[in-house]
Amino acid sequence: MTTRPSSLSAHPGGASPAVSPAIFKAYDIRGVVDETLTEETVQRIGQALGQMIRQKGLHRCVVGRDGRLSGPRLQAALSAGLCSVGVDVIDIGSVPTPVVYFATHLLGTGTGVAITGSHNPPQYNGLKMMVAGATLAGEEIQALYQAIVAGGGQPSPQIGAPGKVSEQTVVPAYLDRILSDIRLTRPLRIGVDCGNGVAGSIAPDFFTALGCEVFPLFCTVDGTFPNHHPDPADPHNLEDLIRAVRDHNLDLGLAFDGDGDRLGVVTRAGEIIWPDRQLMLYAADVLAERPGAEIIYDVKCTRHLARWIRDHGGRPLMWRTGHSLIKAKLKETGAPLAGEMSGHIFFNDRWYGFDDGLYTAARLLEILAKVNDPTATLHALPNATSTPELQIKTQEGENYALVALLKERADFPSARERILIDGIRVEYDDGFGLARPSNTTPVVVLRFEADNAEALIRIQAEFRAVLTRLAPGLALPF
């Protein structure tokens, strides 16, 4: 381990421009670099976060970054802010976000920050934060903003001696930990598409060490994302991987998002196995060893999932969307597994309960290595006619108002149940419709699922009639 002083001034001088409240999202901090997310803003966030860390009686924080071009200077700004209030920074370099989470366990800090824009365009960046073993979300993130506002642009008071920055390599320990846990009963031939995100620095060698024959796509880390966007939730971003799996007759294709905490899966036949169906396989595997356990999933997931979990001896629990919110529920319940439609999967069984695309992929390969035909196994998972995630674009804040109006005044004549834990999910005997406000962008997220195309059309027609009546002139995406 090497130690160095922080690379920016601990206390920025002169008048400070206002910090934009819009970057303080429900699950993390995210904004456009040099516009809403400047180096000075990140330094001030570091000071506020450092004070929060010190108030918990802690004084060390792991910091890593993804492959975005702005990462090094934002990391320097964050470290300067943390050090200015007496927090020591452990710099683990450019790594996937799950490696930051792992480092907080390995190094015993419980506290860390991943500087990442996740799947946002190249001009974005942000911070995902853990303090004392809990991922910050909602009110805790807003508390950082309020602390900065309360400071009035003045430097935060130093608490004792300034902190130091040290460097430590963590990736080998991370890979060794997974390789000691996962065993494939036979080698698999896989395509791996990292979309030029930071997972590309690890994934090809990792899956080779696991015993796979790897066909890599776009695994050179490049923060401009020159080939396609690193977001496996968008089917267009999986087209290259689908072609590679077909052309090389591979067993499977794996795709990772920009910071490596989400996983996309495609089969030899070109079918996308969305995360809610992946979760069925993981649940069956976990429940075979832990019968009766609770399995958590978010409101966007297929209704077939609850039935599958019950049929395999588990207890389904639907919860709110958002990686921070799911992690908090996982910690509260002690459930061994949770997952979201977006691709965040959380193993609290043989792993640490954080979302990790690489570890999730390893668990999937372990399961599929035991069967003769991975494609047939994946295709046999219960499926339904459904839409992708649809969006109604609104002005800032209007998405919450529209969903509140739906909750209060909407009438769905053929529905049997309304679930209101996150927006409004309307359950029918043959499907569901969902409308929820995004916590990251000013849109209303919609999703529809049904047993067949006719039922899907009927459910969408009910939603269209309600939305047209309550918000005339609204541009609907269906």
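Is F218 buried, partly exposed or exposed, and what is its relative accessible area?

Modeller: Bear in mind that this is a predicted model. F218 is partly exposed, because its relative accessible area of 23% is not under the 20% that buried requires. The residue sits in the loop between β10 (213-217) and α7 (239-247). Its backbone deserves a look too. F218 has a positive phi of about 55°, yet it is not a glycine.

R350 is not a glycine either, and its phi is positive, at about 70°. The loop that holds R350 runs between β16 (345-347) and α11 (357-368). R350 is partly exposed, with a relative accessible area of 32%.

The buried residues include G357 and L358. The length of the helix can be checked. With 1.5 Å for each residue, the 12 residues of α11 should span 16 Å. The end C-alpha atoms are 16 Å apart, which agrees.

What does α11 pack against? One partner is helix α5 (residues 171-181), with the axes 11 Å apart and an angle of about 20°. That angle is under 35 degrees, so α5 and α11 count as roughly parallel. The crossing of α5 past α11 is right-handed. From α5, the contact uses Y174, I178 and D181. From α11, it uses L358, Y359, A362 and E366. Sorted by class, the contact of α5 with α11 has 5 nonpolar residues, no polar ones and 2 charged ones.

Now turn to helix α2 (residues 71-84). Of its 14 residues, 12 are buried, so α2 is largely enclosed by the rest of the structure. Among the buried residues are G71, L74, Q75 and A76. The stretch from the other end of the list includes G81, L82, C83 and S84.

Just past the end of α2 comes G86, with a positive phi of about 90°. G163 contacts C83, G86, V87 and D88, leaving aside its neighbours within four places in sequence. G163 lies in the loop between α4 and β8. It is buried, with a relative accessible area of 8%. H119 is 44 residues from G163 along the chain, and their C-alpha atoms are separated by 32 Å.

Two helices named above meet each other. α1 packs with helix α4 (residues 139-150) at about 115°, and their axes are 9 Å apart. That makes the pair roughly perpendicular. α1 passes α4 in a right-handed crossing. On the α1 side, the contact involves R44, I45, A48, L49 and M52. On the α4 side, it involves E140, A143, L144, A147 and I148. The contact of α1 with α4 divides by class into 8 nonpolar, no polar and 2 charged residues.

One more helix pair remains to be described. Helix α13 (residues 398-409) and helix α14 (residues 453-470) have axes that come within 11 Å and cross at roughly 110°. α13 and α14 are therefore roughly perpendicular to each other. In α13, the residues in contact are L402, L405, L406 and R409. They meet V466, L467, R469 and L470 in α14. By class, the contact of α13 with α14 has 6 nonpolar, no polar and 2 charged residues.

Back to the starting point. F218 is partly exposed, with a positive phi of about 55°. G163 is buried.

Terms used: Residues numbered from 1 in each chain as written. Predicted model: local features only at pLDDT ≥ 70, side-chain atom pairs only at ≥ 80, totals over all residues. Heavy atoms only, no water. Axes fitted to C-alpha atoms, helices over the stretch in contact; angles between N-to-C directions. Helix = DSSP H or I, 4+ residues; strand = E, 2+ residues; numbered from the N terminus. Parallel < 35°, antiparallel > 145°, perpendicular 65-115°, else oblique. Contact = heavy atoms within 4.5 Å. Nonpolar A, V, L, I, M, F, W, Y, C, P; charged D, E, K, R; others polar. Buried < 20%, exposed > 50% of the residue type's maximum accessible area, 1.4 Å probe, protein only. Left-handed = near helix turned anticlockwise from the far one by under 90°. Expected span 1.5 Å × (residues − 1).
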